Amino acid sequence: AAAGRTDPRLDLVMLALKGHSKNFDKVLKMIDDMISLLGREQTDDDDKKAYCEGALDQTEDEKKVLERQIEDHEKSMADAKEGIATLTEELAALAAGIASLDKAVAEATETRKEENAEFKETMAANKAAKELLGVAKNRL
């Protein structure tokens, strides 16, 4: 036995041949049956191989589709991250602009307060001058 594994049907054929039987009809029929069986087994194996190859092709196609989807999602994520970074920069610029405007408004308010105080002072001085002129006019 080569490698310790022999087909019992082959052993039976060998036994029949060694038995010196003059009629080989049984042996030939056994051989024909074995050939037929091996043919059916080969056909089954071929069918299974074709099925497996088809399943592998389908799986590879599905894998390619999924890989493309992953690439698309990764690109979308990268674009979204870039958009987030851009918006963050724009928000920072807007916040700086608002701070600048708040400072300008505060400075303008302070200037108006100073101008208002100066105006009130000038008006008071004008009123006092008018009164003084009125007194001087009455004396004349």
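Modeller: Happy to! Glu41, Asp44, Asp45, Asp46 and Asp47 together form a negative surface patch. Please keep in mind that this is a predicted model. Take Asp45 as the way in: this residue sits in helix H2, and Asp45 counts as partly exposed because its relative accessible area is 45%, between the 20% and 50% cut-offs.

Helix H2 itself runs over residues 25-139, and the chain has two helices and zero strands. That goes with the overall dimensions: the C-alpha trace spans about 175 × 25 × 10 Å along its principal axes. The radius of gyration is 54 Å, whereas a compact globule of 140 residues would have one near 14 Å.

Side chains of opposite charge can pair when their charged atoms come close. The structure holds four salt bridges, and here are some of them. Asp33 pairs with Lys29, with 3.1 Å between the closest N and O atoms; Asp33 and Lys29 both belong to helix H2 and are four residues apart, about one turn of the helix. Asp33 is partly exposed, at 40% relative accessible area. Another salt bridge joins Glu53 to Lys49, at 3.9 Å from N to O, again with both residues in helix H2 and four residues apart. Here Glu53 is partly exposed at 40%, while Lys49 is exposed at 52%. Glu67 and Lys63 also meet in a salt bridge, at 4.0 Å from N to O, and these two are likewise four residues apart in helix H2. Glu67 counts as partly exposed, with 38% relative accessibility.

There is a nonpolar counterpart to look at as well: Phe24, Leu28, Ile31 and Ile35 make a nonpolar surface patch of about 360 Å². Ile35 lies in helix H2 and counts as exposed, since its 54% relative accessibility is over the 50% cut-off.

Stepping back to the whole chain, 2% of its 140 residues count as buried. Its accessible surface comes to about 12,700 Å², with 60% belonging to carbon and sulfur atoms. As for the charges, the chain has 22 positive and 31 negative side chains, and the centres of the two sets lie 5 Å apart.

Key
Residues numbered from 1 in each chain as written. Predicted model: local features only at pLDDT ≥ 70, side-chain atom pairs only at ≥ 80, totals over all residues. Heavy atoms only, no water. Patch = residues over 30% accessible without salt bridge, like charges linked within 9 Å, V, L, I, M, F, W, Y side chains within 5 Å. Areas by Shrake-Rupley, 256 points an atom, 1.4 Å probe, with all protein chains shown as cover. Salt bridge = Lys/Arg side-chain N within 4 Å of Asp/Glu carboxyl O. Lys, Arg positive; Asp, Glu negative; His and termini not counted. Charge placed at Lys NZ, Arg CZ, Asp CG, Glu CD. Buried < 20%, exposed > 50% of the residue type's maximum accessible area, 1.4 Å probe, protein only. Rg over C-alpha atoms; globule rule 2.2 N^0.38 Å.
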